[in-house]
Amino acid sequence: MTAQKTGLTEPGVHPDGTVTGQVTLVGGGPGTGELLTVAAVSALRLATVVLYDRLAPHETLRALAPQAILINVGKNPGNHAISQTDIEALLVGHALTGARVVRLKGGDPYVFGRGSEEVLACHRNGIPVTVISGVTSAIAVPAAAGIPLTHRGLSRGFTVMSGHAPLTDRELEGLTLLGSTIVVLMGVGTLPTLSQGLLRHGMPAEMPVAIIERGFSQTQRTTISTLGTVLVESARVGVTSPAVLVIGDVVRLAYRGDLGAEDLLRRAGDFAAAD
């Protein structure tokens, strides 16, 4: 993955004596430092200010950014102590002092990360911005649970949706008709309307559903159910955010950790035969 320059001038001293720093939006991946890109590590090493989210890999941030002031701007569900406007003001304010600012975000900055809003805020203030893509949790977290988003004979594609707000009837109908894997981020709170909406538009009640909580953490947990029973099952086990939802036949491939070698080989053979 390479860093993307978004234009503007290089940081430095302007003819009028003012100093402009620079901002780098860094995708931190799904929360583990092992999935940081080389470009991300390099940007953090040079940073003098780091604004980081709660879902970004921040446990080792002091070692990764040894010369930086570290500022936690993370938002918790239902509790946004620091608003998006305030975050953008902090980015701009520090950059205008000449700082090398890194905005460390979970996943990828441009996948439901409001990265484009922060880039625009910098552009409005004449601050140069670089965007470093990150590993998105939409792909990495299902993979950590053994779920491929595409598989020959099962799914030819996937759609990533935000579950922050309920989907419209048109969106639900489109997802049902598309027939590919559905990945939903931030979807625990809207799971009732999502599951019931898909059922209402004709998706089979037997369609497999996986909920992967706290991907890549020591407490990662996968709950596998069906569209018709997922509400009961998620309530029974007490599913909480953050979690990634996967809906589709590929969920049948999930490795739950409770299968012996013979069972895994037999199941792999079954899928190969079906292809």
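The following legends describe close-up views of a predicted model.

**View 1. The largest pocket and its lining.** This pocket holds about 1,300 Å³ of space. Its lining consists of 48 residues, and those nearest the centre are Arg54, Leu55, Lys75, Met186 and Pro242. At least two lining residues come from each of helix H3 (84–95), strand S7 (100–105), helix H5 (137–144) and strand S13 (243–247). By class, the lining of the largest pocket comprises 22 polar, 16 nonpolar and 10 charged residues.

**View 2. The largest cavity and its lining.** One cavity of 30 Å³ or more is counted in the model. The space within the largest cavity is about 60 Å³. Ser162, Gly163, Ala165, Pro166, Leu167, Leu172, Val184, Thr190, Thr193 and Leu194 form its lining. Six of these residues are nonpolar and four are polar, while none is charged.

**View 3. Asp108, a buried residue without a salt bridge.** Asp108 is located in the loop between S7 and helix H4 (115–124). Although Asp108 is buried, it has no salt bridge, and the nearest side chain of opposite charge, that of Lys105, is 9.7 Å away. The side chain of Asp108 instead reaches backbone nitrogens: that of Tyr110 lies at 2.8 Å, and that of Gly134 lies 3.0 Å from a polar atom of the Asp108 side chain.

**View 4. The salt bridge between Glu118 and Arg103.** The side chains of these two residues meet with an N to O distance of 3.3 Å. Because Glu118 belongs to helix H4 and Arg103 to strand S7, the pair ties together parts that are 15 residues apart in sequence. Both partners are buried: the relative accessible area is 0% for Glu118 and 2% for Arg103. Glu118 and Arg103 also belong to a network of salt bridges that links them with Asp53 and Lys105.

**View 5. Two salt bridges between partly exposed residues.** The structure holds nine salt bridges in total, and two of them are described here. In one, the side chains of Arg114 and Glu117 meet at 3.0 Å, N to O. Arg114 is partly exposed, with a relative accessible area of 40%, and Glu117 is likewise partly exposed, at 31%. In the other, Asp249 pairs with Arg252, and their closest N and O atoms are 3.3 Å apart. Asp249 counts as partly exposed at 27% relative accessibility, and Arg252 is partly exposed with a relative accessible area of 44%.

Key: Residues are numbered from 1 along each chain as its sequence is written. This is a predicted model: local features need pLDDT of at least 70, side-chain atom pairs count only at pLDDT 80 or more; totals for chains, interfaces and linings use all residues. Side-chain values use heavy atoms; hydrogens and water are left out. On a 1 Å grid over the protein atoms alone, a cavity is a set of points where a 1.4 Å probe fits but cannot get out, and a pocket is an open set with protein on both sides within 12 Å along at least five of seven lines; lining residues have an atom within 4 Å of a point. Grid points are joined across faces, edges and corners, and a volume is the space filled by probe spheres set on the points. Helices (H or I, at least four residues) and strands (E, at least two) are DSSP runs, numbered from the N terminus. Ala, Val, Leu, Ile, Met, Phe, Trp, Tyr, Cys and Pro count as nonpolar, Asp, Glu, Lys and Arg as charged, and the others, Gly among them, as polar. Buried means under 20% relative accessible area, exposed over 50%, partly exposed in between (1.4 Å probe, protein chains only). Lys and Arg count as positive and Asp and Glu as negative; His and the chain ends are not counted. A salt bridge is a side-chain nitrogen of Lys or Arg within 4 Å of a carboxyl oxygen of Asp or Glu. A polar contact is a pair of N or O atoms within 3.5 Å; within protein, one must be able to donate a hydrogen and the other to accept it, and residues adjacent in sequence count only if both atoms are side-chain atoms.
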